[in-house]
Amino acid sequence: MGDRLPEPHASSSPAVAAGSEAEEIEVLDSEDVLPMAAEDHWKALFDQRASRSCRQALKGEEGSWDGVQIRKQAEMFDPDNTGYISTEKFRSLLQRHGSELDPHKLEVLLALADSNSEGRICYQDFVNLMSNKRSNSFRQAILQGNRRLCSKALLEETGLSLSQRLIRHVAYETLPREIDRKWYYDSYTCCPPPWFMITITIVEVAFFLYNGVVLDRFVLQVTHPLYLKNALLYHPQLRAQAWRYLTYIFMHAGIEHLGLNVVLQLLVGVPLEMVHGAARISFVYVAGVVAGSLAVSVADMTAPVVGSSGGVYALVSAHLANIVMNWSGMKCQFKLLRMAVALICMSFEFGRAVWLRFHPSAYPPCPHPSFMAHLGGVMVGITLGVIILRNYEQRLQDQTLWWIFLSIYLIFVLFAIFWNIFAYSLLDLKLPPPP
């Protein structure tokens, strides 16, 4: 494919659920023109009815395929200018030019030809596939056909390079359908790379090392009397400084806190970003971070907040929930063991946070950081996160459930903002003094 994955504003092409009759169909149409591949010269065969934008894209890519040749080819295979081609002529095209296509796309084309009972192939279905736009009509045609894609699974392919094996591993770790795995494997170009999770991790580690040098402490930094004076962490007395609801992720309680968060967000976040893109994963991460600090300001009003656990727990909980919901389709090795390890790490880190919260403070009357940010991240993960990870290559704005959960999230954010403005004075809480 041209662009690997759509973001909320980009074109998208949802999964072709051709491997199982029981798999649901995700409906999506796309109108954007994606970058052309060499095989897209085939579109000229039907381009008598193509849009002006398609013609302009073809003009820059086709070399010797000038307008006269395009018209001749269109007249040859669609003489009546109907926008259809007979399945017989379509098969002859596959036999003549099949070697120019990747094997997985050829399989889908053959399934499209076999599934059509009317003896003709729609121009738009063909163009959708050649430009990597899998329309609903195209998926319906395959699902209603008698032929299944029965070639060997991606996992059985041999002779792959190290990078190809890594991409295949990521596909099996994150996607529940074989046709999606093949499509992702063929289209992934590592451009852009998973920059968001790597960048945020590097920044978090850099801030931690800086604080360790300044405070001369790397374990349980939070117990240092000067720790709270940092301008990044969230403190209830300084809640009017809005940046603290985000920047607290760059402050960690100690190396034990940082280590678990970094391991989880790299092992889970990087593969998810490779599949779903930086925009979607960064949205889940940042939404978890904001929900975490706001949850503390509502449910644990006297405590500060540090650490990236809100964002990390949003990603991990969304990923684990997606695995559970698609358990039969997930073919990742040792998936039960992997889930158990992830849950143990999350439980250990959460238990550490609970213990620290109720441990006698080194600087009374201010308590140690709250653990409520973890729970805020989990709630974001199993709502917004699940929707984002479930709909591979599907525009979120077309999903009703996405809008429902997004509305609930925005309502919570507005409620928390008003809570922070009015509730503290109305409840007459005794807050710890500012650092």
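This is a predicted model: local features need pLDDT of at least 70, side-chain atom pairs count only at pLDDT 80 or more; totals for chains, interfaces and linings use all residues.

Mentor: Helix H13 and helix H14 (residues 335-358) pack at an angle of about 150 degrees, with their axes 11 Å apart. Here helices (H or I, at least four residues) and strands (E, at least two) are DSSP runs numbered from the N terminus; axes are lines fitted to C-alpha atoms, for helices over the stretch in contact, and angles run from 0 to 180 degrees between N-to-C directions. H13 and H14 are therefore roughly antiparallel to each other, given that angles under 35 degrees count as roughly parallel, over 145 as roughly antiparallel, 65 to 115 as roughly perpendicular and the rest as oblique.

Residues are numbered from 1 along each chain as its sequence is written, and side-chain values use heavy atoms, with hydrogens and water left out.

The crossing of H13 and H14 is left-handed; a crossing has that hand if the near helix is turned anticlockwise from the far one by less than a right angle, and is right-handed if clockwise. On the H13 side, Ser309, Tyr313, Val316, Leu320, Ile323 and Val324 meet Met339, Ala342, Leu343, Met346, Glu349 and Phe350 in H14, where contact means heavy atoms within 4.5 Å. By class, this contact of H13 with H14 has 10 nonpolar, 1 polar and 1 charged residues. Ala, Val, Leu, Ile, Met, Phe, Trp, Tyr, Cys and Pro count as nonpolar, Asp, Glu, Lys and Arg as charged, and the others, Gly among them, as polar.

H13 (residues 309-325) also packs with helix H15 (residues 372-390), at an angle of about 45 degrees and with the axes 6 Å apart. H13 and H15 are therefore oblique to each other, and their crossing is right-handed. The residues of H13 in this contact include Gly310, Ala314, Ser317, Ala318 and Ala321, and those of H15 include Gly377, Val378, Gly381, Ile382 and Gly385. By class, the contact of H13 with H15 has 11 nonpolar, 9 polar and 1 charged residues.

H15 itself has 19 residues and reaches 26 Å from its first C-alpha to its last, close to the 27 Å expected at 1.5 Å a residue; the expected span is 1.5 Å times one less than the number of residues. A kink of about 40 degrees in H15 is centred on Leu384, the bend at a residue being the angle between axes fitted to the seven residues ending there and the seven starting there.
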